[in-house]
Amino acid sequence: MNYSNQQPTREPSAEQALVGAPGLQPTSGPLTREELQLAARNHSMPLEMLRREVTPPGLHYVLTHFDIPDPDASSWHLRIGGAVERALELGIAALHRDPAITVPVTLECAGNGRSLLEPRPVSQPWVLEAVGTAYWTGVPLAYLLGKAGVLPDAVEVVFTGADAGVQGGVPQQYARSLPIREALRPDVVLAYKMNGADLPPQHGYPLRLVVPGWYGMASVKWLQSIDVVRSPFTGFQQQPAYRYQSTADDAGTPVTRIRVRSLMVPPGVPDFFTRRRFLRPGPVMLEGRAWSGEGAVSAVEVGIDGTWLPAHLDKPVGGFAWRRWSLPWVADPGEHVLACRATDITGATQPLEQNWNYQGMGNNVVQRVSVTVE
Ligand SMILES: Nc1nc2c(c(=O)[nH]1)N[C@H]1C(S)=C(S)[C@@H](COP(=O)(O)O)O[C@H]1N2
Ligand SMILES: [Mo]
């Protein structure tokens with residue numbers, strides 16, 4: 001990919017593109033200035049951090065659609081209302097006094113892998129590293145919904161963040177919904193701590209939702225209000241955004257849980273510019289992590305020049321957190337292509353060839369790493 005000032009194709013009369021700005025169509029052209037701007041704001045996790053079970057907060061990937069709010073926690077209020085018996089309004093200090101849980105969660109952006117697609121959907125141009133794992137501490141959402149009393153005709157719960165902007169020509173506050181049964185899961189948390197410390201500004205200070213197993217878009221940051229609703233939410237980030245669509249006109253299907261994926265700690269040392277890997281001949285431990293929002297990871301295979309070998313799996317960090325894998329390899333001189341491929345207990349496995357979709361969602365194609373052994 002090259003970076004240039006060239007604009008992606010604009011077709012003013014075309015359907016609004018739903019991931020980027022109005023009229024942006026997928027492109028085969030070089031990376032644009034707008035994509036660079038997004039990539040510089042929204043960083044990924046350097047793959048060498050796959051060595052760590054828990055991602056240090058500054059190295060966890062970040063995706064923020066609009067601006068990062070800078071709120072005063074002492075005046076922050078969470079409102080819970082809509083189809084409930086009692087509306088609630090809670091300050092941060094009150095939330096800290098409620099029962100708390102801590103959940104290890106691997107979060108991944110639904111757009112991870114987007115820039116590998118051809119033609120490339122124009123949005124945040126992730127390569128493979130839009131992932132991270134943290135321990136999130138806070139109040140179980142189900143506890144607060146229980147206090148408010150969800151009415152029987154409720155179907156969804158809508159979460160609205162404090163951040164606002166315009167996307168696809170539509171002015172909005174960032175908002176997403178969950179079906180009632182997901183919202184009432186015991187591990188969905190209104191988090192005020194990440195890895196034991198106050199949330200950093202970029203991860204939603206002072207309060208965010210964390211939905212284990214779902215792609216990141218469900219975990220609304222800077223959470224201001226929770227509305228229990230009697231009909232499905234149709235806000236921008238719910239619909240039209242975050243759908244598996246074949247074309248701009250296709251209604252598509254909603255993006256929900258994280259598809260199975262594994263990534264490898266890049267072995268050896270990199271070339272500065274190309275990131276190609278160099279290593280010395282001899283024994284090397286290939287290792288990485290694998291996760292799935294659909295169910296536990298049951299197997300990881302490592303491909304060495306097209307031959308697949310089963311990796312050893314460590315215990316998972318949690319029900320919706322990644323699992324370390326490893327495989328010893330004796331590197332012989334020459335050029336090699338390494339790969340890793342995970343399967344989960346539903347039988348879902350990573351595709352060898354990527355599946356294209358219009359918004360560039362859920363691309364869990366196997367990772368391939370070229371190495372020179374010398
Ligand atoms: N309020 C708000 N919440 C948000 C977003 C946002 O832009 N605003 N981005 C979502 C997306 S697309 C992702 S992938 C995750 C990223 O969470 P992180 O930045 O803490 O890794 O936050 C989600 N929650
Ligand atoms: Mo995302």
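Where is the place of proline 240? Proline 240 is in the loop between strand S10 (223-229) and strand S11 (243-244).

## Basis of the report

This is a predicted model, in which local features need pLDDT of at least 70 and side-chain atom pairs count only at pLDDT 80 or more, while totals for chains, interfaces and linings use all residues. Residues are numbered from 1 along each chain as its sequence is written, chains are lettered from A and ligands numbered from 1 in the order in which they are written, and side-chain values use heavy atoms, with hydrogens and water left out.

## Backbone features in loops

Helices (H or I, at least four residues) and strands (E, at least two) are DSSP runs, numbered from the N terminus. The peptide bond that leads from glutamine 239 to proline 240 is cis, with omega near 25°. A cis peptide bond also joins tyrosine 205 to proline 206, with omega near 10°. Proline 206 belongs to the loop between strand S8 (197-198) and strand S9 (208-210).

Arginine 275 is not a glycine, yet it has a positive phi of about 65°. Arginine 275 is located in the loop between strand S14 (269-270) and strand S15 (277-279).

## The surroundings of ligand 1

For leucine 63, a backbone N or O atom lies 3.1 Å from an oxygen atom of ligand 1. The protein covers 100% of the 530 Å² of accessible area (Shrake-Rupley method, 1.4 Å probe) that ligand 1 has on its own.

## Cavities

Rolling a probe the size of a water molecule over the atoms shows where empty space is left. On a 1 Å grid over the protein atoms alone, a cavity is a set of points where a 1.4 Å probe fits but cannot get out; lining residues have an atom within 4 Å of a point. There are 3 cavities of 30 Å³ or more.

The largest cavity holds about 250 Å³ of space, a volume being the space filled by probe spheres set on the grid points.

## The largest pocket

A pocket is an open set of points with protein on both sides within 12 Å along at least five of seven lines. The largest pocket has a volume of about 1,300 Å³. It is lined by 34 residues, and Val127, Leu128, Glu129, Thr274 and Arg275 are the closest to its centre. Strand S22 (367-373) and helix H1 (33-41) are the elements that give two or more residues to this lining; S22 gives the most, with 4 residues.

Key. A polar contact is a pair of N or O atoms within 3.5 Å; within protein, one must be able to donate a hydrogen and the other to accept it, and residues adjacent in sequence count only if both atoms are side-chain atoms.
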